[in-house]
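Reader: Thanks for sitting down with me over this one. Could you walk me through the fold, one question at a time?

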Amino acid sequence: MSEPDPLDDPYSGDSFRLFVHSVQDYAIFMLDPRGVVSTWNTGAERIKGYRAEQIIGRHFSVFYPPEDLQAGKPAYELKVATAEGRFEDEGWRVREDGSRFWAVVVITALFDDRGTLRGFGKVTRDVSERVRAENELVERRRLFFHLVEAQEAERRRIAWDVHDDSIQAMAAVSMRVQLLAGQVPAEHLPAVRALDTAVSETIGRLRDLVRRLRPPTLDERDLTEAVGAHLQQLAAQGIETELETTELTGKPPPEASVTLFRIVGEALTNVQKHSRANRVRVRLRSIDRGTLTEVTDDGVGTDVVVVGGFGEPGSHFGLQAMRERAEAVGGWWELISEPGRGALVRFWVPDGPGPGAGVEQ
């Protein structure tokens, strides 16, 4: 008596048959060479909704939406699997009740020792929840990018108002005070000059506020120039600065540039106010369809060590604001530092919110 062909019984072996039948997270079943369903497991029933007696003997094209049937996709998949040994796909599939789900599918061609096609093994996984969660994340990122743009527009409007109204009014006051200085008695001259000094200092603070609200270079959508201008302010205070952009390929999109600049600005403000550093370096690199930024200083450092976290409660370093900005757009942020050994702020921001698969609810 000849030994039975294992392909005549796709579930040869009791243990293996029990395993395949019991798997619930994957639809695992066999097709004959024509694409007709010949076996069915518990996972297939759970995912696709058909009981074994409903689907065995029917063509597997029943799982495909009308647009795929019209395009001849089921036949194409079997053709590719036969020619290449396997076919892998990700897309819509249809349940027994007509509802759709997003599936990852692998079809493997099964040949006997003589090279004759005996059928296909098909594994399907429902990843609708994963894709839906990814799409929701993309949508949140997209909304945040819009929020960033709205915030920057408001900053720009306030900056223009301060520049065109408040600063001009204070400049007019300064001119009048200077005229007054030539007309008052000598005993009142020191008070008038002190008033002129106070007005001039106020104008300077207002101009600094305008620069912080909306650096002129940021309006031109040039991230490197905006960061460079911020570094120049530190250099004017005697801090040695370096900006490295050799690995930055092209300009990040406007919304990403704004987020990058704001986080860099917060990090540099920390250096300026708290680090007592002699040297600071900013490095920008294009990587993974985004921008990796490192801000390194040689200052006093801190015992706060944050890797994707908030740090110590009540920390004055603005850690939470930087981290939230990066993570809100789908990036990440970390702070690594030791007392007396400086600090490294490192974060990555994507170029945009990214595409979604559009999973139906």
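Predicted model: local features only at pLDDT ≥ 70, side-chain atom pairs only at ≥ 80, totals over all residues.

Reader: Good to know. With that cut-off, is Arg289 buried or exposed?
Author: Arg289 sits in the loop between strand 6 and strand 7. Its relative accessibility is 74%. Exposed means over 50%, so Arg289 counts as exposed.

Reader: Which value is phi of Asp288 near?
Author: Asp288 also belongs to the loop between strand 6 and strand 7 (290–297). With a relative accessible area of 62%, Asp288 is exposed. Its phi is positive although the residue is not glycine, and the angle is near 55 degrees.

Reader: And what is phi of Arg289 near?
Author: Arg289 is likewise a residue other than glycine with a positive phi. The value for Arg289 is near 55 degrees.

Reader: Let me step back to the whole chain. How many of the residues, as a percentage, count as buried?
Author: The protein is built with 11 helices and 10 strands. Among contacts between residues at least 6 apart in sequence, 57% join residues at least 24 apart. Of its 361 residues, the share that counts as buried is 40%.

Reader: In what order do the four strands of the open sheet lie?
Author: Pairing in this open sheet is antiparallel. Strand 1 (27–31) and strand 2 (86–94) stand at the edges with a single partner strand each, so one side of each has no neighbour in the sheet. From one strand to the next the twist averages 25 degrees. The four strands follow the order 1-4-3-2.

Reader: Which residue in strand 4 is the bridge partner of Met30?
Author: Strand 1 pairs with strand 4 (residues 117–126) in the antiparallel sense, over five bridges. Within strand 4, Thr124 is the residue opposite Ala27. For Met30, the bridge partner is Gly121.

Reader: How many of the residues of strand 1 are buried?
Author: Strand 1 is an edge strand, so one of its sides is left without a neighbour in the sheet. Even so, strand 1 is mostly covered. Of its five residues, the number buried is four.

Reader: What angle does the direction of helix 5 make with that of strand 2?
Author: Helix 5 (residues 73–84) packs on the sheet. Its contacts reach strand 1, strand 2, strand 3 (100–111) and strand 4. Against the direction of strand 2, helix 5 makes an angle of about 160 degrees.

Reader: Is Glu77 buried or exposed?
Author: Glu77 lies in helix 5. Beyond residues up to four places away in sequence, it touches Phe60, Tyr64, Phe87, Asp89, Arg93 and Ile107. The relative accessible area of Glu77 is 0%, so this residue is buried.

Reader: Which handedness does the β-α-β crossover from strand 5 to strand 6 have?
Author: Strand 5 (residues 240–247) and strand 6 (residues 279–287) run parallel and are joined by six bridges. Glu242 is placed opposite Arg281 in strand 6. The chain passes from strand 5 through helix 10 to strand 6, and this crossover is left-handed.

Reader: How are helix 9 and helix 10 oriented to each other?
Author: The axes of helix 9 (residues 223–235) and helix 10 (residues 254–275) come within 10 Å and cross at roughly 10 degrees. Angles under 35 degrees count as roughly parallel. The two helices are therefore roughly parallel.

Reader: One last stop: what distance separates the C-alpha atoms of Ala267 and Met322?
Author: Ala267 is part of helix 10 and counts as buried, at 3% relative accessibility. Leaving out neighbours within four places in sequence, Ala267 is in contact with Val295, Met322 and Val345. Ala267 and Met322 are 55 residues apart along the chain, yet their C-alpha atoms are separated by 8.1 Å.

Notes
Residues numbered from 1 in each chain as written. Heavy atoms only, no water. Axes fitted to C-alpha atoms, helices over the stretch in contact; angles between N-to-C directions. Parallel < 35°, antiparallel > 145°, perpendicular 65-115°, else oblique. Pairing = 2+ DSSP bridges. Contact = heavy atoms within 4.5 Å. Right-handed = clockwise from strand over helix to strand, strands pointing away. Buried < 20%, exposed > 50% of the residue type's maximum accessible area, 1.4 Å probe, protein only.
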